[in-house]
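Work through the exercises below with the sequence and the model side by side, and try each task before reading its solution.

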Amino acid sequence: MRLSITSALQSSLPLASPSSLRIRIRIRIRALTSSSLPTTHDHQDLFHPLPLPTPRHVDRAPNAIEKIALRLRNLGLASADHSDANDDFLNREWLRPDHALLPWDKEQQEQEERQPKKKKKVNAATVAEEEDLRRLRTLGMRLKEKVNVPKAGLTPSVLHKIHHRWRNCELVRLKFHELLAQNMKLAHQIVEHRTGGLVIWRSGSVMWVYRGRNYQGLAQLSIKEGGDQISVPADGDATSSLLEKSAVVMWKGENMTPEEVEFNRMLDDFGPRYVEWWGTGILPVDADLLPPTVPGYKTPLRLLPAGMRPRLTNDELTNMRKLAKSLPCHFALGRNRNLQGLASAILRLWEKSLVAKIGVKRGIVNTNNELMALELKKLTGGTLLLRNKYYIVIYRGKDFVPTSVAAVIAERQELTKQVQDVEEKARCKALDVAPLGEGELTAQAGSLAEFYEAQACWGRDISAEERERMMQEVAKANNAKLVKKIERKLAVAQTKRLRAEQLLAKLEASLVLAGPDHDKETITDEERIMFHSVGLRMKAYLPLGIRGVFDGVIENMHLHWKHRELVKLITKQKTLAFVEDTARLLEYESGGILVAIDKVPKGFSLIYYRGKNYRRPMTLRPRNLLTKARALQRSIAMQRHEALSQHITELGKKIEEMKKELVSIDLS
């Protein structure tokens with residue numbers, strides 16, 4: 001009993017020395033066991049009426065959050081108002097530290113939680129309950145018939161099949177192919193939006209769609225446009241028209257933002273919509289229904305403002321592509337040629353938008369986005385920002401001029417041309433009326449007649465010797481100019497070779513090659529023949545590339561020797577002398593015995609025997625060799641040095657030949 005009380009008091013008292021702690025505890029226990037406490041048979045209730053105070057500085061925090069809170073209290077940063085029992089600072093679930101709130105921000109959080117949250121919109125007429133969902137999923141497992149969704153997406157024929165199945169069954173099973181099968185999340189949104197149903201199950205490229213409780217079919221489907229309602233009977237001929245009208249008017253019944261409303265109203269001026277659009281968003285204009293040719297169509301006038309760069313920078317291109325990525329498509333295109341109607345619509349669109357985004361129709365044979373982009377760029381003169389098998393984005397350009405402004409500029413240019421013509425006619429009339437003296441001949445300024453007249457008065461004939469001398473001077477000047485150009489190339493090549501030599505010298509300083517070992521193990525001729533035959537039959541080999549011999553090659557040789565006595569290397573060096581130098585270097589660095597060098601289809605094979613007294617070294621990678629990266633630098637520097645040396649030699653020979661030609665010209 002005394003030990004348990006002592007341990008309880010030790011955990012609640014402040015830190016102190018053990019001796020003083022024991023004295024205080026014993027005194028307190030004796031005082032408590034005297035007549036000051038009531039006598040009872042239950043010893044566990046002795047200390048219940050006397051709760052001991054808990055010091056603030058010795059609480060042991062079980063986790064990191066409580067340690068931080070305890071440190072704040074000890075430093076005095078947390079006030080007493082925030083240390084109540086109702087405070088849930090330590091009881092909060094800490095999912096992310098950047099979303100954690102301090103206790104004094106609790107009121108603001110509660111105010112945000114009191115605000116009504118936006119309910120998620122469901123396309124089905126009535127949300128199914130859990131029991132209905134279980135029943136529907138059980139029913140879906142028994143479905144065998146399915147509706148195949150082609151590459152073009154939810155076309156009117158596919159929608160007609162879905163509604164036809166919904167007349168007899170609550171569920172329909174959809175099977176997607178190609179593009180939508182790769183993005184089932186997008187397919188989920190499109191199906192719920194276009195059909196008005198609810199996707200209750202989805203796996204792979206298959207999904208089950210529920211029609212809803214209050215589904216009435218296409219016979220009584222009403223479309224609200226403004227304040228009127230249009231009811232269409234479910235006849236076979238009227239079904240497709242109903243689907244098209246519902247797809248077109250679908251966006252007008254939605255709660256769209258002001259920007260979307262303005263965008264939708266803008267597209268109404270360009271032409272009919274493409275009702276088979278596979279995406280979720282405002283339906284684009286069907287560019288195939290626009291006229292293929294426009295009478296009198298011309299490429300628009302373009303005028304670049306003074307001091308502006310005609311081309312876009314990389315940052316401007318990136319910003320334009322980001323802007324176009326968030327925009328819905330303006331047009332949907334399926335043909336490759338005859339796009340004058342689309343081009344005129346794009347020109348009108350550019351008066352309100354910087355870019356024109358065109359979606360390529362899916363499921364149409366022989367669509368070529370490259371031909372589409374080239375034709376539109378030729379007709380409109382815009383800048384192509386993006387082109388792939390899904391979208392084409394064209395920027396109007398910095399030199400774009402709206403149609404009204406272009407008409408004013410063209411009219412002004414025509415007026416200027418008329419004024420110039422009038423002035424030219426007046427000038428010619430004044431020359432014709434001017435009086436001429438007797439025997440005077442007139443010659444038009446700047447004409448061939450004037451040249452012949454001046455040549456006859458002041459010119460002289462050039463003799464053959466003078467012509468030859470002039471030809472020699474021209475040839476000499478050209479040769480001197482060419483010599484200076486080649487000398488400039490020679491100086492640049494010499495500078496590059498000097499840099500390569502400096503890099504090679506730096507790398508060679510860290511390369512310390514090992515010398516031959518005079519006390520080396522040898523093998524007999526019979527062993528060499530046997531090792532040679534075994535090594536040629538080995539399938540495993542080490543490739544020796546352009547880096548040559550570096551520390552990784554020696555490490556791989558030791559790793560091979562861990563499991564077998566022989567190791568085979570294959571190098572692609574062309575000259576046998578270089579191969580022998582490489583084989584000798586490998587023998588010195590690895591400590592093995594060179595068995596043979598053979599010519600094989602892949603290059604030269606080098607076979608090494610590890611030796612009878614082989615012991616694996618402590619460090620497999622020798623420190624005196626280059627690393628893999630430095631070996632590659634050395635190889636590239638050597639190739640550059642060799643190529644530059646050959647180039648410098650050729651330039652020197654060419655300069656000498658041209659100087660000899662100059663001397664021969666001077667002597668002649």
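This is a predicted model: local features need pLDDT of at least 70, side-chain atom pairs count only at pLDDT 80 or more; totals for chains, interfaces and linings use all residues.

Residues are numbered from 1 along each chain as its sequence is written, and side-chain values use heavy atoms, with hydrogens and water left out.

**Exercise 1.** Describe the protein chain as a whole.

Solution. Begin with the helices (DSSP runs of H or I, at least four residues) and strands (E, at least two): the protein chain has 20 helices and 15 strands. Then turn to burial, where buried means under 20% relative accessible area with a 1.4 Å probe, protein chains only: of the 668 residues, 32% count as buried.

**Exercise 2.** Find the extent of helix α8 and what its buried residues pack against.

Solution. Helix α8 covers residues 184-195, and its 12 residues reach 16 Å from the first C-alpha to the last, close to the 16 Å expected at 1.5 Å a residue. Its buried residues, among them M184, A187 and I190, pack against α6, β2, α7, β3 and β4. Just after α8, G196 takes a positive phi of about 80°.

**Exercise 3.** Decide whether E375 is buried or exposed, and list its contacts.

Solution. Locate E375 in helix α13, residues 369-380. E375 counts as buried because its relative accessibility is 16%. Leaving aside neighbours within four places in sequence, E375 is in contact (heavy atoms within 4.5 Å) with N336, R337, N338 and L339.

Note on methods: The expected span of a helix is 1.5 Å times one less than its number of residues. Buried means under 20% relative accessible area, exposed over 50%, partly exposed in between (1.4 Å probe, protein chains only).
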